[in-house]
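Please read it alongside the sequence and the coordinates.

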Amino acid sequence: MAATATIPLEGILTFLDTMKLSARNKRWLGEKLIEQAKGEDLLAKKALHTRRVHKVVRRSAGSPSDNELSALFAGRDVPQMPDDPDWDQVIDANTGKTIKPMEKWL
């Protein structure tokens with residue numbers, strides 16, 4: 001974003017009066033300022049409308065809560081994770097398919 005200088009509007013009007021502009025030149029300058037302001041307003045409105053709100057969509061119906069899962073697996077042993085699994089084990093754990101981000105490393 002460009003830095004803008006703050007100048008009192010009365011000072012700008014006084015400066016323009018000292019330039020002895022014709023009515024035609026003043027009208028041209030006014031129209032250009034109005035066009036520029038309309039363009040800035042339009043950009044500001046577009047910036048507000050481009051924000052998207054993403055909502056979480058629950059894709060499974062009747063999935064158990066955390067407490068229900070804890071009760072379901074209570075008393076069962078947690079399988080040990082190998083310290084350094086082979087890539088075959090990783091691929092097998094993912095239904096035999098290679099994970100896309102890992103393909104470039106394999």
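The mean pLDDT of the protein is 78, and 75% of its residues reach 70 or more. The model is a predicted one, and the points below are grouped by topic.

**Confidence**

- Among the elements of the protein, helix H3 has the highest mean pLDDT, at 88.
- The lowest mean pLDDT, 64, belongs to helix H5, which covers residues 100-103.
- Where pLDDT is low, the predicted coordinates should not be read in detail.

**Overall architecture**

- The secondary structure consists of 5 helices and 0 strands.
- Read from the N terminus, the order of elements is α-α-α-α-α.
- The protein has 106 residues, of which 1% count as buried.

**Nonpolar surface patch**

- Ile7, Leu9 and Ile12 make up a nonpolar patch on the surface.
- Together, these three residues have about 310 Å² of accessible area.
- Ile12 belongs to helix H1, which spans residues 9-18.
- Ile12 counts as partly exposed because its relative accessibility is 36%, a value between the limits of 20% for buried and 50% for exposed.

**Backbone at Lys20**

- Lys20 is located in the loop that connects H1 to helix H2 (23-49).
- The phi angle of Lys20 is near 55°, a positive value in a residue other than glycine.
- Most residues other than glycine have a negative phi.
- Lys20 has a relative accessibility of 70% and therefore counts as exposed, the cut-off being over 50%.

Notes
Residues are numbered from 1 along each chain as its sequence is written. This is a predicted model: local features need pLDDT of at least 70, side-chain atom pairs count only at pLDDT 80 or more; totals for chains, interfaces and linings use all residues. Side-chain values use heavy atoms; hydrogens and water are left out. Patches are made of residues with over 30% relative accessible area and no salt bridge: like charges are joined within 9 Å, nonpolar side chains (Val, Leu, Ile, Met, Phe, Trp, Tyr) within 5 Å. Accessible areas come from the Shrake-Rupley method with a 1.4 Å probe; for residues, only the protein chains shown count as cover. A salt bridge is a side-chain nitrogen of Lys or Arg within 4 Å of a carboxyl oxygen of Asp or Glu. Helices (H or I, at least four residues) and strands (E, at least two) are DSSP runs, numbered from the N terminus. Buried means under 20% relative accessible area, exposed over 50%, partly exposed in between (1.4 Å probe, protein chains only). pLDDT is the predictor's confidence in each residue, from 0 to 100.
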